[in-house]
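Subject: Structure handover

Hello,

Here is the structure I promised you. Please open it first, then read my notes on its pockets below.

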Amino acid sequence: KNDQEGQKKCFSFSPGVTLEQLRAELADFAAERDWDQFHSPRNLALAMVGEVGELCECFQWKGEVTEGLPGWTEKQRTHLGQEIADVLLYLLRLGDRCHLDVARAALDKLALNAAKYPAELV
């Protein structure tokens with residue numbers, strides 16, 4: 001979308017929601033249902049792969065999809081958001097059960113990629 005002056009608006013996530021908040025709420029959710037017994041790292045990784053498949057189905061047979069999803073219905077956008085959320089939640093749960101700080105790992109990986117692919121050389 002563009003603002004009134006024709007400048008492209010930057011998209012941003014909801015402020016104030018942290019990965020730690022999501023991790024803690026998800027851990028509570030699983031504990032309240034006694035699901036920890038099923039949440040081994042292997043099971044979580046495999047479940048996440050299944051959710052990635054469902055996420056990919058949202059794009060199947062659509063050809064190239066441009067930024068902002070023009071032409072998508074609100075129902076399609078909502079469904080896509082739910083599938084992205086499923087993948088994110090399994091990823092955070094996997095990090096939690098592996099005792100890995102997902103946010104720190106992501107920042108470290110970005111730093112590695114910056115060194116590997118310097119902006120001035122790509």
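The largest share of the lining of the second largest pocket comes from H3, which gives 4 residues. Keep in mind that this is a predicted model.

**The second largest pocket**

Start here. This pocket holds about 170 Å³ of space. Its lining is made up of Leu26, Phe29, Ala30, Trp35, His39, Asp86, Leu89, Tyr90 and Arg93. Both H1 and H3 supply at least two of the lining residues. By type, the lining has 6 nonpolar residues, 1 polar and 2 charged.

**The largest pocket**

Now turn to the other one. About 960 Å³ of space lies in the largest pocket. Its lining counts 21 residues. Which of them lie nearest the centre of the largest pocket? They are Phe11, Phe13, Gly68, Arg77 and Ile84. Two elements give two or more residues to this lining: helix H1 (19–32) and helix H3 (74–97). Helix H3 provides the largest share, with 7 residues. By type, the lining of the largest pocket splits into 12 nonpolar, 4 polar and 5 charged residues.

**What to look at**

Best wishes

Note on methods: Residues are numbered from 1 along each chain as its sequence is written. This is a predicted model: local features need pLDDT of at least 70, side-chain atom pairs count only at pLDDT 80 or more; totals for chains, interfaces and linings use all residues. Side-chain values use heavy atoms; hydrogens and water are left out. On a 1 Å grid over the protein atoms alone, a cavity is a set of points where a 1.4 Å probe fits but cannot get out, and a pocket is an open set with protein on both sides within 12 Å along at least five of seven lines; lining residues have an atom within 4 Å of a point. Grid points are joined across faces, edges and corners, and a volume is the space filled by probe spheres set on the points. Ala, Val, Leu, Ile, Met, Phe, Trp, Tyr, Cys and Pro count as nonpolar, Asp, Glu, Lys and Arg as charged, and the others, Gly among them, as polar.
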